[in-house]
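Please read this briefing alongside the sequence and the structure. It takes up strand pairing, then aromatic ring pairs, then charges over rings.

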Amino acid sequence: MQNFFKRHEKKYLITQDQAAALQNIISQRMNKDPQYLVQNLYYDSGNWDIIRKSIEKPFYKEKLRLRLYGLYSTDSQAFIELKKKYDGITYKRRAAVPVMEIKNRSIGEIINSSDSQIHREIAFFLKNNTVSEKVYIAFRRTAYTGIKESDLRITFDNDILFTLCPRNKCCFDGFNPGNGRRILKPSQSLLEIKTAISMPFWLARALSEKSIFPSSFSKYGVCYAKHIAGGKDCFQFVNKGEEKDAA
C-alpha cells in the first residue's frame, strides 16, 4: 500500500439515487473494488482542540487517526495516519503496524519504536499535541479506480456510524462496527473524488448533469459539531445494522 499521498480531495453529500446514477456512469471508465469495511480511531486532546481548530477551516490543519481495513483480527494490520491539509491540497503520511503490537501501548510508544521519516513526522505531531483515543468511526466503502486516469479514485461511503471511545480501552478491541450512532441518514451517501491533477471533463460533466455539487464535510467534524459539542442526537442508536433512525 502507498504510504505517501498528495492530492486534491473533493467531497459531496448526495442521495442514494444520485450515487446509483453516478456509479452507472463511472463504471464504464473505472474499475470497481469489492465493498469493504473501514474502521477509524481519531485522536484528540481532552478539550477536542484538534477537531475544533479543523472545523474553523484554517489555511493549514492536521489530524491523527488509526485506520483498519476489514474486521479486527489478531493478524490484522492497521495504519497510523497523519492527515494534513494545506492551501486546499491534502497530504497524508501512513505507517503500518500489526494490531497485536498496538495492544496495551500508547500511540507515542508505537511511533517511537521506529525512526523512519513517517514515524518522525507523527512523533513531532505528538510532541506538540497531547492526545488520546476519542472517537471511533466505521463505514462501508465502495471504491472505483481510474483505468486511463490512473491517479483518479472515487469512493462512496455508507452506513457511517460513530461511538465515543471509553477511557483506558485499547483501540479496535471490543468495538462492533455494526453498532453506533449514525452520522448520515440512510438515504444519504458521502462521495469523495481524489486526484493528483485536475478532474477529467467527463466526470465534471456527469456531476453537473446529476446536480451533484461540492460540500464541506468531515465525518469526524460532523460527529463533533452535531453530536458532541452541540449535544444534538440527530439519529438514534443502531444495533447491528437495524434501521432505527429518526426522520
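**Strand pairing and aromatic contacts**

Strands β5 and β6, the latter covering residues 89-98, pair in the antiparallel sense over ten bridges. The model is a predicted one, and on the other pairing described here, strand β4 (residues 60-69) runs antiparallel to strand β5 (residues 77-86) and is joined to it by nine bridges. The aromatic pairs in this model come to a count of seven.

- A pair of aromatic rings is described by how far apart the centres lie and by the angle between the planes.
- Among the seven aromatic pairs is that of W48 and Y224, whose ring centres are 5.6 Å apart and whose planes meet at 40°, so the pair counts as tilted, given that planes under 30 degrees apart would be stacked and those over 60 edge-to-face.
- This pair links distant parts of the chain, 176 residues apart, since W48 lies in the loop between β3 (36-44) and α2 (49-54), while Y224 lies in helix α6 (residues 219-229).
- W48 has a relative accessibility of 15% and therefore counts as buried, the cut-off being under 20%.
- Y224, with a relative accessible area of 10%, is likewise buried.

**The pair of Y144 and F156**

- Y144 and F156 form an edge-to-face aromatic pair, with 6.0 Å from centre to centre and 80° between the planes.
- Here, too, distant parts of the chain are linked, with Y144 in strand β7 (residues 132-146) and F156 in strand β8 (residues 153-164), twelve residues apart.
- Y144 and F156 are both buried.

**A charge over F139**

- K219 places its charged end over the ring of F139, at 4.4 Å from the centre of that ring.

Terms used:
Residues are numbered from 1 along each chain as its sequence is written. This is a predicted model: local features need pLDDT of at least 70, side-chain atom pairs count only at pLDDT 80 or more; totals for chains, interfaces and linings use all residues. Side-chain values use heavy atoms; hydrogens and water are left out. Two strands pair if DSSP finds at least two bridges between them. Helices (H or I, at least four residues) and strands (E, at least two) are DSSP runs, numbered from the N terminus. Rings of Phe, Tyr and Trp (its six-membered ring) pair if their centres lie within 6.5 Å; planes under 30 degrees apart count as stacked, over 60 as edge-to-face and the rest as tilted. Buried means under 20% relative accessible area, exposed over 50%, partly exposed in between (1.4 Å probe, protein chains only). A charge sits over a ring if NZ of Lys or CZ of Arg is within 6 Å of the ring centre and within 35 degrees of the ring normal.
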